[in-house]
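These are my notebook entries on one protein. I record what I looked up, entry by entry, with the cut-off for each term.

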Amino acid sequence: MGRTENFLRKLHSLSGLIPIGVFLTVHTLVNSSAIWGEEAYNVAAGVMVNLPYKLFLETFVIFVPLLFHGILGIWIALKAKNNVRQYTYVRNWGFFLQRLTGFIMFAFLVWHVWQTRVQAEFGVEPGFSMMADIVANPVFLALYIVGIVASMFHFANGIWTFLITWGITVTPKSQKVSKYATMGIFVVLSVIGVLAILAFA
């Protein structure tokens, strides 16, 4: 692996954590306000919609890093050689699932942005009712649940690989501890995300 590719892979790993992972977590927590009802969600979402410099933040903190991470991630995934059939170790399955959930997450986010952000530009009123109308379709609700869980796994497992890639967890013990911690993050965020989307149904 050359210097340029190594640098891009590190930058790819970093962009998955900051800012994409931070945004994913904040977005999930804001959505979870739907659990307390329509008014609570509309208030929380209204704060995000009315942020100062919203266009700048959406472009350079969300969309540009997401495109960079997604496109480079697809290239990395297509270049990778999966060997779960020959070697059924946990790490090999983690490697395979990271790439699989990356494809699912990228498609899910494009679809989600189309159904929400783009439709709002076309005049659909954003808010609780928008999401309620989307997930009223049971197929869409199922796809949202799959997309949410896949996204949370990709993010949490990505934290684990980030810690290794950046030389933070170098010993087998530290990697084992971080694996349990990141899987805990996966479970917690998945539960919050699924409960949030079910609150719209």
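**Entry 1: Y53.** I then placed Y53 in the loop between α3 (38-49) and α4 (54-79). Helices here are DSSP runs of H or I with at least four residues, strands are runs of E with at least two, and both are numbered from the N terminus. I also noted that phi of Y53 is near 55°, a positive value in a residue other than glycine.

**Entry 2: Basis of the values.** I note that this is a predicted model, in which local features need pLDDT of at least 70 and side-chain atom pairs count only at pLDDT 80 or more, while totals for chains, interfaces and linings use all residues. Residues are numbered from 1 along each chain as its sequence is written, and side-chain values use heavy atoms, with hydrogens and water left out.

**Entry 3: Overall build.** I looked up the secondary structure and found 8 helices and 0 strands. Along the sequence this reads α-α-α-α-α-α-α-α. The radius of gyration is 18 Å, close to the 17 Å that the globule rule gives for 201 residues, so the protein is as compact as a globular protein of that length. That radius is taken over C-alpha atoms, and the rule is 2.2 Å times the number of residues to the power 0.38. Along the principal axes, the C-alpha atoms fill a box of roughly 50 × 30 × 25 Å. I also recorded that 38% of the 201 residues count as buried.

**Entry 4: Contacts along the chain.** Contact means heavy atoms within 4.5 Å. Among contacts between residues at least 6 apart in sequence, I found that 73% join residues at least 24 apart.

**Entry 5: H12.** Is H12 buried or exposed? H12 has 14% relative accessibility, so H12 counts as buried. H12 lies in helix α1. Not counting residues up to four places away in sequence, H12 touches F68, H69, L72, G73 and I76.

**Entry 6: P19.** I found a cis peptide bond joining I18 and P19, with omega about 10°. P19 lies in the loop between α1 (3-17) and α2 (20-31).

**Entry 7: A34.** I placed A34 in the loop between α2 and α3. Its relative accessible area is 4%, so A34 is buried. Leaving aside neighbours within four places in sequence, A34 is in contact with Y41, F128, A196, A199 and F200. From A34 to F95 I noted 61 residues in sequence and 34 Å in space, C-alpha to C-alpha.

Entry 8: In an unreviewed entry, UniProt places the feature "transmembrane region" at residues 12-36, 56-78, 90-114, 139-168 and 180-200. UniProt positions are given in the numbering used here, feature names are shortened, and annotations may be inferred rather than shown by experiment. I looked up residues 56-78 and found 100% helix and 0% strand, with the end C-alpha atoms 32 Å apart. Residues 180-200 are also 100% helix and 0% strand, with the end C-alpha atoms 31 Å apart.

**Entry 9: A181.** A181 lies in helix α8 (residues 172-200). With a relative accessible area of 45%, A181 is partly exposed. A181 and R9 are 172 residues apart in sequence and 23 Å apart in space, C-alpha to C-alpha.

Technical notes
Buried < 20%, exposed > 50% of the residue type's maximum accessible area, 1.4 Å probe, protein only.
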